[in-house]
Amino acid sequence: MSAGWIDLDRDATEHHAMASFEPSLTLSEEATPPVASRRKRLLAALFKRTLKFVALVFVLTAARASLADQYHVPTGSMWPTIEPGDRIFVAKAAYGLRVPFTDAWLFHHRSPRPGDVVVFADPRGGAIPLVKRVVATEGQSVAVKRGILYIDGRPQRIERLPDGRFLEHLGGLAHESGGRDFEDFGPAVVPRDHLFVMGDNRPASLDSRVMGAVPNTLVRGQVLGVMFRGEGLDFERVFRAIQ
């Protein structure tokens, strides 16, 4: 071909060769996900993790509401059984299982018995739960005369130990007494579906002698033991069972 002519065939061939690379460039650009798509996937993953965390918090909170929990005891009304600063373990399913966050029972297998140490909502409407010992249940009469507790007219024996401590015998059970209150009370009959509760340290206890019998529906659980001291670790009281 002469020098003044343009080689159309070669130009067409080069143009075709260049065009053949364009699809690969386009595919490479499409393979890179847009920023909006990556953001959407990150938000979806974050939502799933948040949902799992919320579900875990709900399960743990429901377990505390229905199965077991721990409480700090700031006062000495239950001394020496529970000392000020103790953290106590409470079995909320001891008397049955409630629907979480309600007072409705899923099932109820027994009621508190005399001798049980229980946590209950303040019947006067206070926000802080209270802890006392059940001394009588519905239909029983309660009186205090000269520092001695009477249940159904029968005195509950006070035993003095050689080391100077006192044990109060409540029916077939015995617990250490923190002090005797010599102010007489009663007799009073416990209403139906109620409990008469008292502190083991009678002179320092605000209990059913003042606030009246406690409805069974207010009971939140049974105290099984002292977990640890809140004001310092005392190995003699760690995980100590309640009598």
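Reader: What is the mean pLDDT of the chain?

Author: The model is predicted, and each residue carries a confidence value from 0 to 100. Of the residues in the chain, 68% reach a pLDDT of 70 or more. The mean pLDDT of the chain is 77.

Reader: How many contacts beyond four places in sequence does the model have for residues 1-13?

Author: Over residues 1-13 the pLDDT stays under 50. For this stretch, the number of contacts beyond four places in sequence is three.

Reader: How many contacts beyond near neighbours in sequence does the stretch of residues 15-30 have?

Author: Residues 15-30 have a pLDDT below 50. Beyond near neighbours in sequence, the contacts of this stretch in the model number zero.

Reader: Which residue of β12 is the bridge partner of Glu168?

Author: Strand β11 covers residues 166-170 and strand β12 covers residues 173-177; the two pair in the antiparallel sense over five bridges. They form a hairpin with two residues between them, and Gly171 in the turn has a positive phi of about 65 degrees. Across this pairing, the partner of Glu168 is His175.

Reader: How much space lies in the largest cavity?

Author: The count of cavities of 30 Å³ or more comes to one. The lining of the largest cavity consists of 13 residues; Gly147, Glu168, Arg180, Asp181 and Arg202 lie nearest its centre. By class, this lining has five nonpolar, three polar and five charged residues. The space in the largest cavity is about 60 Å³.

Reader: Which strand gives the most residues to the lining of the largest pocket?

Author: The largest pocket holds about 350 Å³ of space. Strands β1 (68-72) and β6 (130-137) each supply at least two residues of its lining. The most, three residues, come from β6.

Reader: How many residues in the lining of the largest pocket are nonpolar?

Author: This pocket is lined by 17 residues, and those closest to its centre are Pro74, Ile128, Pro129, Leu130 and Val131. The polar residues of the lining number three, and the charged residues also number three. The nonpolar residues of the lining number 11.

Terms used. Residues numbered from 1 in each chain as written. Predicted model: local features only at pLDDT ≥ 70, side-chain atom pairs only at ≥ 80, totals over all residues. Heavy atoms only, no water. 1 Å grid on protein atoms, 1.4 Å probe; cavity = no way out; pocket = protein on both sides within 12 Å on 5 of 7 lines; lining within 4 Å. Points joined across faces, edges and corners; volume = space filled by probe spheres on them. Nonpolar A, V, L, I, M, F, W, Y, C, P; charged D, E, K, R; others polar. Pairing = 2+ DSSP bridges. Helix = DSSP H or I, 4+ residues; strand = E, 2+ residues; numbered from the N terminus. Contact = heavy atoms within 4.5 Å.
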